[in-house]
Amino acid sequence: MNFTNLNHFLSDNIQAILLILGFLCVVVAITFLTNIFYGLLALGIILIGVAFMINYEKGG
């Protein structure tokens with residue numbers, strides 16, 4: 001994969017990349033502000049939400 005293909009991939013999926021980075025920041029903030037158990041709970045909820053969004057986008 002050369003730089004042109006990588007640049008094209010990133011520009012096509014920038015919204016998804018920013019969404020995942022935003023979710024990661026939220027999980028890290030919850031983990032640091034409370035404890036690891038609430039961080040894992042937040043991560044699980046976010047992953048379930050992402051799974052539902054992917055399922056909705058695919059039309060299933």
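Trainee: What pattern does the chain follow along the sequence?
Mentor: The pattern is α-α-α. This is a predicted model. The chain has three helices and zero strands.

Trainee: What makes a run count as a helix here?
Mentor: A helix needs at least four residues in its DSSP run. H1 covers residues 3-12 and H2 covers residues 14-33. H3 takes in 36-58.

Trainee: How do you know which helix has the highest confidence?
Mentor: Compare the mean pLDDT values. Helix H2 is highest, at 86. Helix H1 is lowest, at a mean of 77. The chain averages 82, and 97% of the residues score at least 70.

Trainee: Why does confidence matter when I read coordinates?
Mentor: Where pLDDT is low, predicted coordinates should not be read in detail.

Trainee: How does the radius of gyration of the chain compare with that of a compact globule?
Mentor: A compact globule of 60 residues would come out near 10 Å. The chain has 15 Å instead. Its C-alpha trace spans about 40 × 30 × 15 Å along the principal axes.

Trainee: What share of the chain is buried?
Mentor: Buried residues make up 7% of the 60 residues. The cut-off for buried is under 20% relative accessible area. The chain exposes about 5,200 Å², and carbon and sulfur atoms supply 74% of that area.

Trainee: Why is Phe52 called exposed?
Mentor: Exposed means over 50% relative accessible area. Phe52 has 58%, so Phe52 is exposed. Phe52 is in helix H3. Phe52 and Ile14 are 38 residues apart in sequence and 19 Å apart in space, C-alpha to C-alpha.

Trainee: Why does Leu6 count as partly exposed?
Mentor: Leu6 has 35% relative accessibility, so Leu6 counts as partly exposed. Leu6 lies in helix H1. From Leu6 to Glu57 is 51 residues in sequence and 23 Å in space, C-alpha to C-alpha.

Trainee: Which residues line the largest pocket?
Mentor: Its lining is Ala16, Leu19, Ile20, Val50, Met53, Ile54 and Glu57. H2 and H3 are the elements that each give two or more residues to this lining. H3 gives the most, with four residues. The pocket has a volume of about 200 Å³.

How values were computed
Residues are numbered from 1 along each chain as its sequence is written. This is a predicted model: local features need pLDDT of at least 70, side-chain atom pairs count only at pLDDT 80 or more; totals for chains, interfaces and linings use all residues. Side-chain values use heavy atoms; hydrogens and water are left out. The radius of gyration is taken over C-alpha atoms; the globule rule is 2.2 Å times the number of residues to the power 0.38. Buried means under 20% relative accessible area, exposed over 50%, partly exposed in between (1.4 Å probe, protein chains only). Accessible areas come from the Shrake-Rupley method with a 1.4 Å probe; for residues, only the protein chains shown count as cover. pLDDT is the predictor's confidence in each residue, from 0 to 100. On a 1 Å grid over the protein atoms alone, a cavity is a set of points where a 1.4 Å probe fits but cannot get out, and a pocket is an open set with protein on both sides within 12 Å along at least five of seven lines; lining residues have an atom within 4 Å of a point. Grid points are joined across faces, edges and corners, and a volume is the space filled by probe spheres set on the points.
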